[in-house]
Amino acid sequence: PSHDNGRQAYEREYRNFILKYAELSEKNRLPLFCIGTELDIWAAKRPQFWRDLIAEIEKIYHGDLVYACRHGNEEKIAFWDALDYVGLTVYDSVSSEETPTMDTLLKNWLPIKEQIAAFSKKMGKNVIFTEWRYTCSNYCGKVPDMDSIHSVVNEQAQANCYDALLTMFEKEPWLIGGF
């Protein structure tokens, strides 16, 4: 069917795209290469494509590999064992307050941290936060990845959210870092 042809064409294009970047990363001796970002539905439905792609990348690129999964979808990804790290984009809602307090944020981060720590242990892989941010706006703890162009500027809310995230995770040995 034409749907399969479209999927095959897309996968072929993605493969060519990512292998080109793997070559560039190897040429420039970059220590870490991300094979994909938030392609979780595709990654969950086509794990063999990703396993084959990882094998091809490893023939070209000799650094560490990570995939950037949207936090909450990590259980759906079947190829973590073929990678060096679990990559998570963390845009979790941790407060519905306009200007969240540190106490609220730390309390709400705790179960999230425990879940991520348990997943890291289960996979036997350290974690990299491949994306995280808080906008400089009201309610940034509720929807961290929202567009803040039309929001009220709230530097304290942003500062509290970053401070809580860093405080919560800074001493975790399984967290390598974040972008």
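**Close-up 1. Serine 137 and its partner threonine 135.** The side chains of serine 137 and threonine 135 meet in a polar contact of 2.7 Å; by polar contact we mean N or O atoms within 3.5 Å, where, within protein, one must be able to donate a hydrogen and the other to accept it, and residues adjacent in sequence count only if both atoms are side-chain atoms. This is a predicted model, in which local features need pLDDT of at least 70 and side-chain atom pairs count only at pLDDT 80 or more, while totals for chains, interfaces and linings use all residues. Numbering starts from 1 along each chain as its sequence is written, and side-chain values use heavy atoms, with hydrogens and water left out. Serine 137 sits in the loop between β4 (126–131) and α5 (155–169) (helices are DSSP runs of H or I, at least four residues, and strands are runs of E, at least two, numbered from the N terminus). Serine 137 is buried, at a relative accessible area of 0% (buried is under 20%, exposed over 50%, partly exposed in between, with a 1.4 Å probe and protein chains only).

**Close-up 2. Cysteines without a disulfide.** With a disulfide taken as a pair of cysteine sulfur atoms within 2.5 Å, the count is zero. For cysteine 136, the closest cysteine sulfur belongs to cysteine 140, 7.8 Å off and too far for a bond. Cysteine 140 in turn has its closest cysteine sulfur in cysteine 161, and that 3.8 Å is too far for a bond as well. Cysteine 136 is partly exposed at 23% relative accessibility, whereas cysteine 140 is buried at 0%.

**Close-up 3. Helix α5 and its buried side.** Buried in α5 are Ala157, Asn160, Cys161, Ala164, Leu165, Met168 and Phe169. These residues cover an arc of only 135° around the axis, so they lie on the same side of α5; the arc is taken from the directions from the helix axis to the C-beta atoms. The neighbours they pack against are α4 (102–123), β4 and β5 (175–178), with contact meaning heavy atoms within 4.5 Å. At the start of the helix, a side-chain oxygen of asparagine 154 comes within 3.3 Å of the backbone nitrogen of glutamine 156.

Close-up 4. Leaving aside residues up to four places away in sequence, the contacts of phenylalanine 129 include Leu88, Val90, Ile116 and Phe169.

**Close-up 5. Helix α3 from the inside.** In α3, the buried residues are Phe49, Trp50, Leu53, Ile54 and Ile57. Here too the arc around the axis is only 135°, which puts these residues on the same side of α3.

**Close-up 6. Serine 95 in its loop.** Serine 95 belongs to the loop between β3 (85–89) and α4 and is buried, with a relative accessible area of 5%. A polar atom of its side chain lies 3.0 Å from the backbone nitrogen of glutamate 97. Beyond residues up to four places away in sequence, serine 95 touches Pro100, Thr104, Leu105, Asn108, Gly141 and Lys142.
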